[in-house]
Structures are given as C-alpha cells and as structure tokens.
Amino acid sequence: MSATEPPEARVIATVPPGRPVRVGAGEKLRTARLPGLALNVRSRPPAAAGLPPALFVHGLGGSSLNWSALMEGLADRVDGEAVDLPGFGDSPPPDDGDYSITGHARAVIRFLDAADRGPVHLVGNSMGGAVTTRVAAVRPDLVRTLTLVSPALPELRPQRAALPTGLLAIPGVTRLFTRMTRDWDAERRTREVMLLTYGDPGRVGPEDFALAVEEFQRRLDLPYFWDALTRSARGVVDSYTLGGQHSLWRQAERVLAPTLLVYGMRDQLVSIRMAQRANATFRDSRLLTLLDAGHVAMMEYPEAVARAMRELLDDVDGREGRESRAVRGAVSGPGTDGSGAARG
C-alpha cells in the first residue's frame with residue numbers, strides 16, 4: 001500500500017512506525033495503556049516538585065510535538081504532559097475506531113481518570129480545543145483551568161481556506177486529493193501545511209523546518225495515517241451539526257473552569273470573528289488576540305501564550321487562596337485563631 005494513499009479497509013493493522021518519534025531535549029516519552037487504547041504521552045519534568053498538573057491536546061493532523069515550546073516555557077509553573085490523540089503522533093488507532101470529537105474526548109477523560117492527576121490545567125488547539133471543551137463541560141471535576149488556542153467551534157460561515165479540510169470528511173475526497181498530490185514529497189506537504197497554519201511561515205528556521213519534514217515523512221509511512229486524518233476531519237464536521245445539549249456552543253456555556261481564549265488575526269482556519277462569540281459564551285473567560293499569529297499560536301508565539309497562561313494561573317491561585325481564607329474565617333468565627341481560642 002502506498003503511504004500517500006488512504007487505506008480501503010476500516011480495520012487497519014497497527015504497525016509500529018519504522019522511525020523513532022522525535023524527543024526534544026529534556027522531554028520524556030511514555031505509553032499509557034488502557035483497555036482498547038494506547039496513548040503516547042510526552043512530558044517535561046517540572047522545575048520543582050509539587051507543581052500543578054497540566055495536559056496539552058493537539059489539533060487535527062498535529063501531535064504532542066506541537067506543545068514542546070509552550071511546555072518548556074511553563075516548566076516552572078506546571079507539571080506538563082502532552083498526549084498524542086488516538087491515530088496521531090505515536091499513538092496507534094483506537095480499537096473501536098471512534099475518531100469523533102466525543103471519542104477523542106472520551107480518550108482524554110479515560111487517560112485523566114487512570115492517571116489520577118486531576119484537576120488539571122487543560123489546554124487544547126483547534127480540534128483539540130473542541131475536544132477539551134467537551135471534556136470541561138462533561139467532567140468539570142477534571143479541569144482546573146481551560147486554555148483554548150483557535151478552538152474548532154462551529155462556524156456558520158467557515159473560512160474559505162478551511163473548506164479543503166472539511167472536504168476530507170466526504171467519502172472519496174481523500175482518495176481524489178492523494179491522486180492529485182501524489183507527486184508531493186514530505187517537504188512539499190510540510191510547506192503547504194505551514195502556509196495554511198502559520199501567520200508567517202518565514203518564522204520557521206531551516207533546522208525546525210527540516211525536523212518538521214522528517215516528522216511528516218514518519219507519519220506518511222504509517223499505514224493508518226490517512227484513515228485517522230480523514231475520519232477525525234469527519235468527526236469535526238459532524239460535531240458542527242449536533243444540536244441541543246450536545247452542541248459544542250451549548251457545552252461551552254456549561255464550562256465552569258476559568259478559560260483563556262487565544263486567537264490569531266492571521267488564522268486561515270478559524271475566523272477571528274469567533275473570538276468575541278467565544279468570549280461571550282464561556283462564563284469565566286478572558287481573550288488574547290495576537291495580531292501576527294495564525295492557527296498555531298502556541299508554536300509561533302509560545303512566549304506570549306505562556307505569559308497569558310501565567311496570568312490566568314496567578315489569578316486562579318489568588319482566587320482560590322481568597323476562597324480558602326474565607327472558608328477558614330467562616331469556620332473559625334470572629335475573635336478566634338482558627339482553633340476556637342479567643343485572640344487577645
């Protein structure tokens with residue numbers, strides 16, 4: 001089977017990749033094995049013991065590598081892990097073949113429940129933003145804060161540049177696309193993805209571009225690459241059609257966690273128009289707009305995103321501290337030292 005053609009069968013052998021996945025300096029990889037599911041987890045040891053846990057969830061076609069720069073920038077504030085969703089990065093497809101937003105959200109929830117690290121500072125980009133929104137809505141006990149970078153929430157009028165991605169959800173289109181691009185090598189495909197996702201692809205240096213090409217070729221060699229990509233794209237499109245309590249916007253209204261929203265003015269996939277709607281929908285939210293960023297602000301401007309997350313964490317820590325002091329004061333009552341003894 002050609003690596004550039006989507007497989008015909010729905011059940012695909014989960015052949016391990018022929019090349020090792022890249023591990024950045026200071027990072028570690030492990031595999032979280034759950035019934036019917038194996039997730040590759042990238043982590044960076046925290047700068048100090050006892051830091052609060054954080055989990056980072058990538059978007060369509062991405063991987064845990066997308067979070068390396070941001071995790072490094074936050075290593076002194078959180079104990080960070082980034083997960084490869086089923087069928088992406090170095091995680092094999094799920095046994096049940098469920099690539100819907102709900103399926104990916106269920107995988108994240110199962111991972112968090114098994115790891116017993118919650119509540120976490122949960123971070124998602126693009127499709128991962130839709131996934132983490134659903135997680136925060138249905139399992140608020142697992143989420144301390146929520147940060148969404150260009151979340152793939154439903155748009156009535158999607159960006160024109162996003163239409164080809166949506167078309168991947170239509171049966172047969174993936175095969176047509178691969179025939180049209182059969183002469184594209186990994187370098188050409190990487191360049192096209194960066195043109196679509198970066199506000200300024202010129203910010204990517206030669207060394208980082210070469211590493212991205214190497215990673216893209218590794219994924220193309222996986223026999224389930226196109227199947228995971230196509231069916232996850234279909235899951236995103238399907239989530240846009242859901243109404244009632246399953247609507248992503250309705251679930252966004254239910255999110256209790258303090259939420260940071262990050263949007264790029266040059267985003268070709270998620271319209272900047274959605275920033276104000278999202279800011280009005282999430283009940284406890286703040287908005288960061290980056291003028292020169294595209295769809296992956298955490299990769300283009302990790303310092304700016306890290307700074308905004310630090311402010312969010314500081315505010316939450318301060319709020320929780322005030323609430324804790326208020327509770328202690330209510331329990332101890334006026335004129336006591338907390339043990340019931342009067343202060344003199």
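**A guided reading of the predicted fold**

P119 is found in the loop between α2 (101-115) and β5 (120-125); here helices (H or I, at least four residues) and strands (E, at least two) are DSSP runs, numbered from the N terminus. The peptide bond from G118 to P119 is cis, and its omega is near 0 degrees. The model is predicted, so that local features need pLDDT of at least 70 and side-chain atom pairs count only at pLDDT 80 or more, while totals for chains, interfaces and linings use all residues. Residues are numbered from 1 along each chain as its sequence is written, and side-chain values use heavy atoms, with hydrogens and water left out.

The protein as a whole has twelve helices and eight strands. Of its 344 residues, 50% count as buried, where buried means under 20% relative accessible area, exposed over 50%, and partly exposed in between (1.4 Å probe, protein chains only). Among contacts between residues at least 6 apart in sequence, 75% join residues at least 24 apart; contact means heavy atoms within 4.5 Å.

Strand β1 (residues 28-34) runs antiparallel to β2 and is joined to it by seven bridges; two strands pair if DSSP finds at least two bridges between them.

The surroundings of F56 can be listed: leaving aside its neighbours within four places in sequence, F56 is in contact with W67, L70, M71, L74, G80, E81, A82, V83 and V123.

Rolling a probe the size of a water molecule over the atoms shows where empty space is left. On a 1 Å grid over the protein atoms alone, a cavity is a set of points where a 1.4 Å probe fits but cannot get out, and lining residues have an atom within 4 Å of a point. Grid points are joined across faces, edges and corners, and a volume is the space filled by probe spheres set on the points. The count comes to two cavities of 30 Å³ or more.

The largest cavity has a volume of about 70 Å³. G61, G87, F88, G89, R219, L222, F225, A228 and L229 line it, and the largest share of this lining, three residues, comes from helix α8 (residues 225-241). By class, the lining has five nonpolar, three polar and one charged residues; Ala, Val, Leu, Ile, Met, Phe, Trp, Tyr, Cys and Pro count as nonpolar, Asp, Glu, Lys and Arg as charged, and the others, Gly among them, as polar. The second largest cavity holds about 40 Å³ of space and is lined by R44, M71, L74, A75, V78 and G80, which divide into four nonpolar, one polar and one charged.

Helix α8 also contains V237, which counts as partly exposed at 33% relative accessibility. The C-alpha atoms of V237 and A152 are separated by 9.7 Å, although the two residues are 85 apart along the chain.

Two serines complete the account of the backbone. S126 lies in the loop between β5 and α3 (127-138), and S150 in the loop between β6 (143-149) and α4 (163-167). Phi of S126 is near 55 degrees, a positive value in a residue other than glycine, and phi of S150, likewise positive, is near 45 degrees. S126 counts as buried at 12% relative accessibility, and S150 counts as buried at 1%.

Definitions and conventions
1 Å grid on protein atoms, 1.4 Å probe; cavity = no way out; pocket = protein on both sides within 12 Å on 5 of 7 lines; lining within 4 Å.
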